[in-house]
Amino acid sequence: MSNVVFCWGNSQDGQLGIGADDVNIVASPKQLYSDDINNIIVSIACGQHHTLIALESGETYSCGNNDYSQLGHNKSRTRLVHVAALKNLHVNRVAIGVYHSLVLHTGGEVYSWGDNSRGQLGRAAIADDEWWRIPKLVKELALHTVIQITCGAYHCIALTDIGDVWCWGANNHGQLGVGMNSEQCDRPRHLICLRGIPVAQIAAGDYHSFIMSKSGAIFGWGRNSFGQLGLNDEIDRSSPTFCKPLKYQRLKYISCGENHTAALTQEGGVYTFGAGGYGQLGHGTTHSEIMPKMVMELMGTTITQIACGRNHTLAYASTSSKLYAFGLGGSGQLGLGTTNNRSNPFPIATPFFATKLPERMETDCDENPDLQTLAELSVKRVYSGGDHCLVVCSPVQENVAAEDFRESICEQKPLTCTQALFEEMYSISEDEQPSQDLLERVEKVFSSASCLNGSFLHNDHVHCNIKNSGVDMKRVRQHVSELAQLDNKQLVNRILDHLVNNLISQLPKSPPHMEALRLYLILPEMSFMDQPHRHSALITPFGLKLIQLDRAALRVLESWWAMLESKYFSRIVYQQIKKRTVLVSMEVLKKLNSVNESNGQIIPYHQFYVPEVKEAVNIRQDYIAWIQKTSNMEMSESETLLFCDYAFLFDAATKYVLLKTDNYLQMRYAIGEVAFLNTTTFSNAFGQINPCLMLLVQRDNIMQNTLDQLNKRSPADLKKPLKVIFAGEEAVDEGGVTKEFFLLIMREILNPDYGMFKYYEESRLMWFNSETFETTDKFHLIGTICGLAIYNFTIIVLPFPLALFKKLLNKPVTLDDLKELMPSIGRSLEQILAYGEDDFEEVFGITFEISVESFEKVKNVELVPGGAKKVVNKSNRKEFVDAYVDYIFNKSVEKEFLAFSEGFSKVCRSKALELLHPRELQAMVIGNEQYDFIELEKNTTYKDEYHRYHTTIKFFWEVFLDLSLEDKKKFLLFLTGSDRIPITGMTSLKMIIQPTKSGEDYLPVAHTCFNLLDLPRYTSKAKLHSKLLQAINQTEGFGLV
């Protein structure tokens, strides 16, 4: 492949290399002839006064001003001459400042020479001027592998293969990014503040600097007097500052002029900002811009390359083969044949990438042979700097595509975890010695946050934001999940050593950008994180770094967690649950649980349970200490570890213990108050006070009796233990009477005849009736009754959706709750959210108005003010769905629910209740249906002559286990007073079976207070089956047996 180079612009110092001493300005593209340059050009640097060119062979050529020996030779300045001082180096990149030069050796070493008045050579301060004239190694970088270099007027920037950025030279405007403590630095300084960002490119203007991440985030620092940092002000920055105005523009490349900047987007658009006095921004004016602004004249044209000169800009579109120029033209640097300035992009009259000239240029080509040559060439890359430009072309027949800065910058990128690297690691056998090159690459990748954060990116990573991490988790799992199983243990140990000592230990509390957080998604997928013996060295330090993240970083990470599939999210949770370092893991789990609950449960809430907690901790004492801590401000600031601060780790049975503990404390306090009053003169005047809340009710008027009595009770009375007496019945309430009381009164309360609650046939659930005639006082008392049930540890029938329990715990309701109550409506709303076509309004044709049933008629209700006229469209459909859910569960029943909630809270508003998940509260109120009747059989004990192998007992279990589920539930109701089992499960349901003296003509009898079954000695299975069914189908009433 051959090169053809064209140049134009200022040639006063010989920087075009055309060999003419008397030509100061070349205003049109002119071919650069050089017999010496017979190899492929890989890099060109254009400065204000000189030029450097690097060839694929490793040779370097220079021309132009040599006042500070910046050419590296003492030969002709007007023609390109080989820099013999670099003959032993294979140079692949060049960069230049005003009077100094920089080259990058393929081995990653940097050499510098020329002017060192501002320390820009990075070789410390030595008085010997001759020392600066000779290309020498920048020793401070010798231990690092540099992959990119760039220069400002008097400063330099280098990027290493592990993503580290180093700066040196002049710092009078803060262009080194290390603060303003010194005017210059004569040795490279590491910009630690950028650690973790996967840097893709570095760029420098005369006095300002930029880096761009792999996903297009740019950080600038240095001079900003014209707004060239794009920060919407004119204040210089002495440290890297994120350019927020461009954060959504999907940037791919950045170029800097003296005081202006240009950025190329993935779509081929160009943004410019900074000094505009010569029109170099391309906006049609000579105004400066402190905010990045798109070059509108280039809209519709896909730009693939940009290059900034000192005060001009070039933009190349490969599809149309047009090269546009704008800005200062006084030295012919626009290539337009004149020295006029241009404030709009203007195409250079050169048909690059064409095999035939347009008719309008045929005459020009006859007169200008250089144009005829260009007609047969295609552009490879455009370079610009100072006041001149160079374009590298190749013959069309060689079919060499122009570089597209949007796809791949020709600059080398930092190392990443590639598929090739993993394949190479997995190919090394157990006894094989890995190559030194492989070991070095492994060390670098697994010790650098920048390298890891730039790995495993999916195609849309350029749009990285709080909702999109850019990480392809499928690729992450595919590659890193089996690292611990590598055959070669030397590789395993090397990876672990660098993860622990160099990577995790260096993670900052305040990452510079969200891209620096990607490793918090990547590291948990490594199989090392599952190994218990790695806890103290690897997993705990990682968790500690995570919980120490500042709030802004943590908010991003939590948002990314929320976007994870459950299989990835659950892995992170599992690792923390299995961790031995209690406090760190619990803090991480607390954050994960918060994300899980805020996003509709990525994984089921019970996957956070850690059953071992209740075995290792005295739960009751922990709860009491937690109550004291939360009620005492001074104690709340203490660092005492209390597990109730992490109640989501407790399973339902443990939380039930906490609730019972709290309720018993309240009951004990209420009973103590009564005992105190009964010992005072108060009792002499008014009689003894009953330490229990006594309710005397009639079966045929149970609801009114209860409401009348509760209405007269004080809140303190409601905290006493409940005892119920049915009028005319002799049974003493040891628990069984209370169970039946709640069963009967809830049946009455939910009776449709009262019209307080609406029954939904499709879901078989109930909800508050907004059209009821009953007063809110009734709802208040019903809430009190439900509170009493929980307070007295009694399961009740309450066929309401989960939304009720969410609202009682002040948790938001969602579309999922509406789907539970009204499945068809919920599915319809889901379809509205899922529809993605442009004909949305035509398909659905709805407004923010819904129809609801009211007294067997239909009425229209506006969900928002003016809802009848507000059309639902693609942009506001989420608002519509949210408003629908809000109306059903909140607005339409606001008064009724508020009254119910106040009644409930009057009895049952304890700290323990706040620790419950809505589903746990639901299970405590109505029990659960996770039946395990084999477990019931195992837990049953026998009295007197009965035992597991007694004939009657064998008959009983054969009959019982063969019953239908409905009949089994009836038996539970017969035995315990409820057809549901406690939240603690079947293991907590203990049944006792004892024989009776009555004959087999008698029915079995249940003592619900004790879960005791009196079972006659039936001599046949058929007899037992008949009598058992007869008994369980008549379960109401208590009398003497």
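Trainee: Which strands each supply at least two residues of the lining of the largest cavity?

Mentor: Please note that the model is predicted. The lining draws on a series of strands, each giving at least two residues. These strands are β3 (41–46), β7 (91–96), β11 (146–151), β15 (199–204), β19 (251–256), β23 (305–308) and β27 (377–385).

Trainee: How much space lies in the largest cavity?

Mentor: The structure holds 5 cavities of 30 Å³ or more. In the largest of them, the space amounts to about 750 Å³.

Trainee: Which residues of the lining are the closest to the centre of the largest cavity?

Mentor: By class, the lining comprises 24 nonpolar, 15 polar and 6 charged residues. Of the 45 residues that line this cavity, the closest to its centre are Cys 46, Thr 150, Cys 151, Ala 204 and Ser 384.

Trainee: Which strands stand at the edges of the open sheet of 4 strands, each with a single partner strand?

Mentor: The order in this sheet is β3-β4-β5-β6, with antiparallel pairing. One side of each edge strand is left without a neighbour in the sheet, because each has a single partner strand; the edge strands are β3 and β6 (81–82).

Trainee: What is the bridge partner of Tyr 61 in β6?

Mentor: Strand β5 (residues 60–64) and β6 run antiparallel and are joined by 2 bridges. In β6, Tyr 61 has as its bridge partner His 82.

Trainee: What distance separates the centres of domain 1 and domain 5?

Mentor: The domain assignment gives domain 1 as 254–353 + 373–414 and domain 5 as 928–1033. Taken over C-alpha atoms, their centres are separated by 88 Å.

Definitions and conventions
Residues numbered from 1 in each chain as written. Predicted model: local features only at pLDDT ≥ 70, side-chain atom pairs only at ≥ 80, totals over all residues. Heavy atoms only, no water. 1 Å grid on protein atoms, 1.4 Å probe; cavity = no way out; pocket = protein on both sides within 12 Å on 5 of 7 lines; lining within 4 Å. Points joined across faces, edges and corners; volume = space filled by probe spheres on them. Nonpolar A, V, L, I, M, F, W, Y, C, P; charged D, E, K, R; others polar. Pairing = 2+ DSSP bridges. Domains from an automatic or database assignment.
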